[in-house]
Amino acid sequence: MRNFKMIFKMYREIHQLEKHIIPAMLINALIQAARPFVNIYFTARLVTLLSQGADFKDVFIYIFLALIINFAFHFLNDFLSDYIDGLRHILLDKESEKMAKKLYKTEYEKLEDSEFRKIIHKHEEAGASRWARFPYFIWTTSVFIIGVLTLTIAIVMIMPLLKIGFTATGTGFFEKPVFLITLICVIVAMAGIMLAIAIRMNKSYLAANEAYAELDRLFYSFIDIFRDYKTGKEIRLYKEQNLINHIATDKILNDGEKTLKKISMRTAKTSSLVAIMGAAVSFGVYLFIGIKGLYGLFDIGKLVLYCGAFMQIISGVMQIANTLGKLVEILPLAHVYFAITESKDDKRYGDKELDGSRFEIEFRNVSFKYPGSRHYSLKNVSLIINNGEHLAVVGRNGSGKTTFIKLMCRLYDVTDGEILINGINIKDYTKESIMNLYSVVFQDFKMFSLPLYKNICTSKEYEKEKLYNCLEQANIKERVLNMPEKENTYLYKNIDKAGIEISGGEAQKLALARALYKDAPIVILDEPTAALDPIAENEIYSRFNSFVQNKTAIYISHRLSSCAFCDNIAVFDKAELIETGTHRQLIEMGGKYSELWNAQAKYYIN
């Protein structure tokens, strides 16, 4: 029952994504199922007419009708097949679009969750290792319906033969109804065995495919490295080709070959068994029909008709069994899809709006553990950031600086304590209010292969004067003006071969310009000059006060020389806030900040 519910749920989802594909598939399945019977019927009819000595006119009419119907079916089948193929691509695009929209609206906290990422990876593998996801199910459904219709039409066509078989009065075994009953039981048993084989084969294939997917991930990760021209220098300088070849290619050829051989052997064995069973049943069918024909219970035309119809019964049974077996593969992938698209974010927001121009942020006894971690990333942090204050956050790697920023932006919720904005808990504000409060440049910022202005303004519409003011403040205006299409120039060559390659320092300046263009009340800079040369870094620092103006600014850095212009400095160590004060106060205190300062300063002294 659970599987039936999932199947109908998939059909509802497919219809919502692309409403034309199911009706088109049903019509095409009916045509494909009927096509063999057209030839069977007209062949049988022509044989009867010829055996009865019919004139040319009667024979010609049947030949002409057979050609017209075959042509119509052939045309409709080709047209619908191409049409459905296009709809399957559209369905895949719409499925991917829905998945993408769901993921970019998902809370950051859930995206970082390891279990949720495993589910996403399974969905990606489903698309990579099979032709598609829902389109694959539509194709399987089509084959199943063809099998059902083929079986139904064939049974209707042989009803007169079944009547003869059940009413026969001969004395031999092959003349009695018991032979027909035995034959039907064998066909039913064969269908059951084929279904069991198909299920087992698909389970085996799925398990082997998952094992091969591990190798696929390894191989394609290296393919991504090879096709990225940015990594070509290191590969050649360090002669990494042999290492990569050993890790990726050899493993694929050895372990992958074993896996594929295992799949091939299992498939060959099961296919052979099905072929033997089909041959045995076919022999019984021909024997039954031949004996009835030998006794003159029907003419030679009916012999052709019944033989053809019985063979279609076997074909229909095989199609049904094979496609039902594929549900073992399809249903788990459907569960993965709906686990993502129907996932709910646990984070709840309030209805309060942030307004005005003054904002005070307070961390009150805040502690935080990442999900699944036993250790605190922040412990009992209390700090007030006043409106318009310029705060530097310093500390060694892993001390909790970036976590501090994530909590402030409410990318995560605190484990203990609370964060207040203007005296109100951050959880009471709307999501839009919190997102609009901050302009952030993280260490792992991203520039996209899009026109430069879209990277800065994050919109099709933009204010050109404001854009160039921000580029000037980030000290990259001249570079943009020298680009072929100025602000319309594509970054990188992934999409546009005429795209411009920018350095890490230039990308960092553009990320800073993006934060400035947003013009949020609070600016957060996480190592904003890490990729800059000393001169460019000095220029950014000299402009810092001018471009943050009266805004609140929070600055994270390992370079303590950059902290001197800040009003206040917060020093983190081992997940705790251990010192606060001005640069001079902390130096005089002789604590952790003084230790870090002296460790760096000695390298600048001759």
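The model is a predicted one, so local features need pLDDT of at least 70, side-chain atom pairs count only at pLDDT 80 or more, and totals for chains, interfaces and linings use all residues. Residues are numbered from 1 along each chain as its sequence is written, and side-chain values use heavy atoms, with hydrogens and water left out.

To start with the overall picture, the protein chain has 21 helices and 10 strands. Both kinds of element are DSSP runs numbered from the N terminus: helices are H or I with at least four residues, and strands are E with at least two. Of the 606 residues in the chain, 43% are buried; "buried" here means under 20% relative accessible area, "exposed" means over 50%, and "partly exposed" is in between (1.4 Å probe, protein chains only). Contacts (heavy atoms within 4.5 Å) also say something about the fold: among those with a separation of 6 or more, 75% are between residues 24 or more positions apart.

Now for the sheets. Strands of a sheet pair through backbone hydrogen bonds, either parallel or antiparallel. Two strands count as paired here if DSSP finds at least two bridges between them.

Strand β1 (residues 361–368) is joined to β4 (residues 416–421) in the antiparallel sense over 5 bridges. Across this pairing, Phe 363 stands opposite Ile 419, and Ile 361 stands opposite Ile 421. With β2, β1 also runs antiparallel, again through 5 bridges, and there Val 366 stands opposite Val 381. As 6 of the 8 residues of β1 are buried, this strand is largely enclosed by the rest of the structure.

The other open sheet described here has 6 strands in the order β6-β7-β8-β3-β9-β10, and its pairing is mixed. β6 (438–441) and β10 (576–581) stand at the edges with a single partner strand each, so one side of each has no neighbour in the sheet. On average, neighbouring strands of this sheet are turned by 15° against each other, direction ignored. β6 pairs with β7 (residues 522–526) in the parallel sense over 4 bridges, and Tyr 438 has Ile 522 as its bridge partner in β7. Helix α18 (residues 504–518) lies across β6 and β7 and runs at about 180° to β6.

What about empty space? Rolling a probe the size of a water molecule over the atoms shows where it is left. On a 1 Å grid over the protein atoms alone, a cavity is a set of points where a 1.4 Å probe fits but cannot get out, while a pocket is an open set with protein on both sides within 12 Å along at least five of seven lines; lining residues have an atom within 4 Å of a point. Grid points are joined across faces, edges and corners, and a volume is the space filled by probe spheres set on the points.

The largest pocket has a volume of about 1300 Å³. Its lining has 33 residues, with Val 440, Phe 442, Lys 446, Arg 514 and Lys 518 lying nearest the centre. Helix α18 turns up again here, giving the most to this lining with 5 residues. The lining divides into 17 nonpolar, 7 polar and 9 charged residues.

As for cavities, the count comes to 1 of 30 Å³ or more. The largest cavity has a volume of about 70 Å³, and α12 gives the most to its lining, with 4 residues.

Finally, most residues other than glycine have a negative phi. Arg 410, in the loop between α13 and β4, has a positive phi near 55° and is buried at 3% relative accessibility. Lys 486 also has a positive phi, near 55°, but counts as partly exposed at 37% relative accessibility.

Conventions. Axes are lines fitted to C-alpha atoms, for helices over the stretch in contact, and angles run from 0 to 180 degrees between N-to-C directions. Ala, Val, Leu, Ile, Met, Phe, Trp, Tyr, Cys and Pro count as nonpolar, Asp, Glu, Lys and Arg as charged, and the others, Gly among them, as polar.
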